[in-house]
Amino acid sequence: MIATTNRPASRREIVPATRSRARVSSIGARSFLLEAPGDFNLIAQRRIWALSRTVRGWDDLAENIPGMTNLLVIFKETPEDPDAVVARLLEAWENAQSIDLNGKTIKVPVHYGGEHATDLPALCDLSGLSDHEVVRIHHEATYRVFALGSAPGFGYLHGLDPRIYMPRKTVPSLKMSKGCVTIGGMQTGVAMLTGPNGWNSIGFATLEMFDPTAPNPAMMAPGDTVRFLPARIEL
């Protein structure tokens, strides 16, 4: 998942991925996306964090945005030689040493079940687990914030148990409530806005995780650890 703005742009693959080589694509004239090869895991994300730290020092770069095992770089000006930019980015990737981010621990009280758990029955059907088992598996895990995006303050969380993976909906819910605790594929998160949402809701959290008036508006940051605490279970 790319944590970006909503500016429309065309995407063109420049360097295709292999098992050991990153994929690089151009997005518009000034932006390039590097996607880590291999599995979607913490090892790859730590190298993305390292790459982000490296390119932060490039004078010609306007912004770099770490996503889920990818990095979007946006240059101040349209590069005269895009191939040179790609080579430079790939070289930085090859030299990137894995780092970890010393984030804080965030504990999120959750009301599992109840009126907001609209997709819990479907998850039980898919997984073959009971609703109590799904809830237990979800709250017993420890999650890491890989990236922010999609909505202000929304954290993409890695660490979901494969037993409760659930594909995103082909037809999104039209008005999922802010605060819904959701599962989308191999990720979990908390909805930051009320509105259309393709993730699957299994509970609700009242904790405010984005305050636009605060010095640091988003509670979550890449590298943070997140634990979901069962404040109430209504099944």
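In this predicted model, strand 2 (residues 23–27) and strand 3 run antiparallel and are joined by five bridges. Strand 3 also runs antiparallel to strand 5 (residues 70–75), and five bridges join these two strands. The points below begin with strand 3 and its partners and then move to other parts of the chain.

- On the side of strand 5, Leu71 is the bridge partner of Leu34.
- In a regular strand, side chains alternate between the two faces of the sheet.
- Both faces of strand 3 are covered: one side carries Ser31, Leu33 and Glu35, the other carries Phe32 and Leu34, and all are buried.
- Since five of the five residues of strand 3 (residues 31–35) are buried, the strand is largely enclosed by the rest of the structure.

**Nonpolar cores**

- The largest nonpolar core has 38 residues, of which Val108, Ile164, Val226 and Phe228 touch the most other members.
- At least two residues of this core come from each of several elements, including helix 1 (42–55), strand 6 (105–113), helix 3 (120–127), helix 4 (131–140) and strand 14 (225–234).
- Domain 1 (23–95) and domain 2 (105–233) each give at least three residues to this core.
- Leaving aside residues up to four places away in sequence, Ile164 touches Leu123, Leu129, Val134, Ile137, His138 and Ile183.
- Another core, of 22 residues, lies apart from the largest one, and among its members are Ala22, Val24, Val86 and Ala92.

**Cysteines**

- How many disulfides does the structure hold? The number is zero.
- Cys124 is in no disulfide, and the nearest cysteine sulfur to its own, that of Cys180, is 16 Å away.

**Salt bridges**

- The whole structure contains 10 salt bridges.
- One of them joins the side chains of Asp100 and Arg144, at 2.9 Å from N to O.
- This pair links distant parts of the chain, 44 residues apart: Asp100 is in the loop between helix 2 (82–95) and strand 6, and Arg144 is in strand 7.
- Asp100 counts as partly exposed at 35% relative accessibility, whereas Arg144 counts as buried at 15%.
- Lys104 forms a salt bridge with Asp224, and their closest N and O atoms are 2.7 Å apart.
- Lys104 is in the loop between helix 2 and strand 6, while Asp224 is in the loop between strand 13 (200–204) and strand 14, so this pair ties together parts that are 120 residues apart in sequence.
- Lys104 is partly exposed, with a relative accessible area of 40%, but Asp224 counts as buried at 2% relative accessibility.
- A salt bridge also brings together the side chains of Lys169 and Asp119, at 3.0 Å from N to O.
- Because Lys169 lies in the loop between strand 8 and strand 9 (173–176) and Asp119 in the loop between strand 6 and helix 3, the pair ties together parts that are 50 residues apart in sequence.
- Asp119 is buried, its relative accessible area being 10%.
- Arg46, Asp100 and Arg144 belong to one network, joined by salt bridges that share partners.

- Where does Met220 lie? Its place is in the loop between strand 13 and strand 14.
- Met220 counts as buried, at 3% relative accessibility.
- Although Met220 and Leu148 are 72 residues apart along the chain, their C-alpha atoms are separated by 7.8 Å.
- Leu148 is also one of the residues that Met220 touches, a group that includes Lys104, Ile106, Val145, Gly155, Leu157, Met209 and Val226 when residues up to four places away in sequence are not counted.

Note on methods
Residues numbered from 1 in each chain as written. Predicted model: local features only at pLDDT ≥ 70, side-chain atom pairs only at ≥ 80, totals over all residues. Heavy atoms only, no water. Buried < 20%, exposed > 50% of the residue type's maximum accessible area, 1.4 Å probe, protein only. Helix = DSSP H or I, 4+ residues; strand = E, 2+ residues; numbered from the N terminus. Pairing = 2+ DSSP bridges. Core = buried A, V, L, I, M, F, W, Y, C linked by side-chain atoms within 4.5 Å. Domains from an automatic or database assignment. Contact = heavy atoms within 4.5 Å. Disulfide = S-S within 2.5 Å. Salt bridge = Lys/Arg side-chain N within 4 Å of Asp/Glu carboxyl O.
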